[in-house]
Amino acid sequence: MAKYVGAIDQGTTSSRFMIFDHGGNEVAKHQIEHEQIMPQAGWVEHNPEEVWQAVRTSVRSAMNNAGINAADLAAIGVTNQRETTVVWDPRTGRPYYNAIVWQDTRTDKIATALEREGKGDVIRRKAGLPPATYFSGGKIQWILENVEGVRQAAERGEALFGNMDTWVIWRLTGGPDGGSHVTDVTNASRTMLMNLETLDWDDELLSFFNIPRAMLPEIRPSSDPQGYGTTRGSGPVLGEVLVSGDLGDQQAATVGQVCFSPGEAKNTYGTGNFMLLNTGEEIVPSNAGLLTTPCYKMGDNPAIYALEGSIAVTGSAVQWLRDQLGIIRSAPEIERLANEVEDSGGMYFVPAFSGLFAPYWRSDARGVVVGMSRYNTKSHLARATLEAICYQTKDVLNAMVEDSGVELTELKVDGGATANNTLMQMQADILGVPVVRPVVAETTSLGAAYAAGLAVGFWDDLESLRDNWNVDQRWEPQWDDEQREAGYGQWKKAVERTLDWVDVE
C-alpha cells in the first residue's frame with residue numbers, strides 16, 4: 001500500500017521534489033538550482049530543458065536517497081512558478097525559445113497598448129487581472145511575433161503553450177509520446193486569457209493577443225481524481241504514478257497553510273512575495289490594485305476564489321546583494337549583517353527592478369535607495385532590504401483590508417525567507433499583527449501534495465488536513481503605533497521616487 005505522496009515544486013530559482021507522509025511530514029527532499037538568463041535589461045529567461053533535467057534529477061535523487069520506489073507513492077502533485085511562459089514543438093519537445101519568466105518586462109508596450117485601446121477594463125472584468133508584463137498572454141504574443149516561424153507553426157497546430165506546470169506535466173506523462181497537455185484553473189487564470197466565471201479560455205481575450213486557441217492546454221481541476229496522466233517508466237520516477245494535483249505556487253501555499261475558510265490569509269516569502277486571502281465561492285473584484293484569482297478547485301466541487309497581492313522583488317533583492325553587489329556571500333548571511341545595527345539609519349530601498357506590482361502596477365518604476373548619508377554602511381543597506389520586504393507586504397495588506405473589509409488578526413507565513421527570524425519580527429512590527437510560522441515552512445510543496453493526495457483518497461477531505469498544521473514560532477509586534485506610522489510614511493515617500501523612471505510608449 002502506498003505510504004507517501006510526492007510533490008514537484010518547479011520554482012523561479014530551483015526545482016525540487018519533496019515526499020510527504022500522511023501526517024504532512026517531510027520524508028525526503030532534493031533541490032537543484034537552475035540558471036537565470038538575462039540577455040538585456042528587463043529580460044529574464046530560463047532554459048526549459050535545463051529546468052526539466054533539474055526536475056528529473058530532483059525526483060530520482062529524493063526517491064533514491066529515501067529508498068522509495070514508485071509503488072510507495074499514492075500520487076504526485078505539481079506546483080510551479082506561475083506566468084513563466086514556454087512554447088514548444090509537440091512533435092519533438094523542443095522549445096522554440098527560452099521560457100520567458102514572470103519577472104520579465106519586455107512586454108510593457110503590449111500591456112500599455114491594451115490600456116490605451118480600452119481593453120484593460122475587459123481584462124479586469126473577465127480575467128480579474130490588470131494588463132501587465134507579469135502575465136502570460138503578452139509573453140505568448142511576443143514569442144508569436146518575434147521568434148521566426150512560431151506564428152506559422154502555431155497556425156499548423158505545431159506549437160503548444162504552457163506555464164511551467166504544463167511543461168513539466170507534459171514531459172512527466174510522456175512528452176512527444178502522448179504527454180498530457182493540461183493545466184489547472186489557478187495557472188490558467190494567470191494568462192489574461194481565462195474567464196473567471198466560465199473557467200475556460202475566452203475568445204474575446206484570445207483575440208486581444210491574437211493567440212490561436214489550439215495552442216492552449218485543457219483546463220482541469222487543481223485536484224483531479226481522473227488524473228492528468230501517469231509517469232512513464234523511463235521517466236524520473238522509474239514507474240507509473242498518477243499525476244493528480246496541479247496548483248500555481250501561491251495557491252499551493254494557501255492550501256498547504258490550510259486557508260480553507262473565507263477570510264483566512266497567508267503570505268509566502270520567496271523570490272517575490274505573494275499574499276492570498278480566501279474569499280470562498282465569491283468572485284470579489286478589487287478596487288485597490290489586487291488580483292482576483294481562483295484559489296483552488298477540488299474535483300467537481302465549485303471553484304474557491306481569492307484576492308491576491310503580488311510583489312515582484314523580495315527574496316531576489318537579497319540575491320541581488322549577494323550576486324550583483326557581493327555584499328553577502330550567502331542569503332542567510334543578511335540576518336547577521338542586519339543585526340549589526342539597530343535600524344536602517346534612515347535608508348529606504350525600494351527594489352522595483354521589474355516595476356512595481358500590487359497595489360501600484362507601475363511598469364515605469366525602477367529601484368531606488370534613498371535617505372543615504374556618509375553614516376550609512378552595508379549593514380544599514382542589509383536592514384533596509386529586509387524592511388523593504390515588510391513594507392511591500394504592508395502595502396498589499398492595506399489594499400486587502402480595503403477590498404475585503406476584513407481586518408486580519410494574524411498572518412500565516414511560509415517560504416524560505418521565513419527562516420530569517422529578524423525578518424519575521426520586522427514583519428510583525430511593521431504590520432502591527434502577530435506573524436505565525438508553521439512547522440512545515442515549505443507549504444507550497446505540501447499544498448501540491450495535498451491536492452494530489454485528496455484526488456486519490458490518501459486524505460479524506462480538506463478539513464482533515466487542518467490537524468496536520470502546527471505552529472513552529474509566533475512573533476508579536478513590538479513597535480508602537482507612532483513608530484509604525486512614521487516608518488511607513490517614509491516608505492511611501494521612497495516609493496514615489498521610483499515612479500516615471502522608464503518611458504513606456
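**A walk through the aromatic side chains**

Start by selecting Trp102, Tyr134, Phe135, Phe274, Phe357 and Trp361: together they make up one aromatic cluster. Here, rings of Phe, Tyr and Trp (its six-membered ring) pair if their centres lie within 6.5 Å; planes under 30 degrees apart are stacked, over 60 edge-to-face, and the rest tilted. You're looking at a predicted model, where local features need pLDDT of at least 70 and side-chain atom pairs count only at pLDDT 80 or more, while totals for chains, interfaces and linings use all residues. Residues are numbered from 1 along each chain as its sequence is written, and side-chain values use heavy atoms, leaving out hydrogens and water.

The structure holds 22 aromatic pairs. For one of them, pick tyrosine 391 and tryptophan 491: the ring centres lie 5.5 Å apart with planes at 15°, so this pair is stacked. Tyrosine 391 sits in helix 12 (residues 378-404) and tryptophan 491 in helix 16 (residues 481-496), so colour those two helices to see distant parts of the chain linked, 100 residues apart. Helices here are DSSP runs of H or I, at least four residues, and strands are runs of E, at least two, numbered from the N terminus. Both tyrosine 391 and tryptophan 491 are buried (under 20% relative accessible area, with a 1.4 Å probe and protein chains only; over 50% is exposed, in between partly exposed).

Next, select phenylalanine 458 and tryptophan 459. Their ring centres are 4.8 Å apart and their planes at 90°, so they're edge-to-face. Phenylalanine 458 counts as buried at 12% relative accessibility, as does tryptophan 459 at 2%.

Now zoom out: the protein has 16 helices and 22 strands, and 64% of its 505 residues count as buried.
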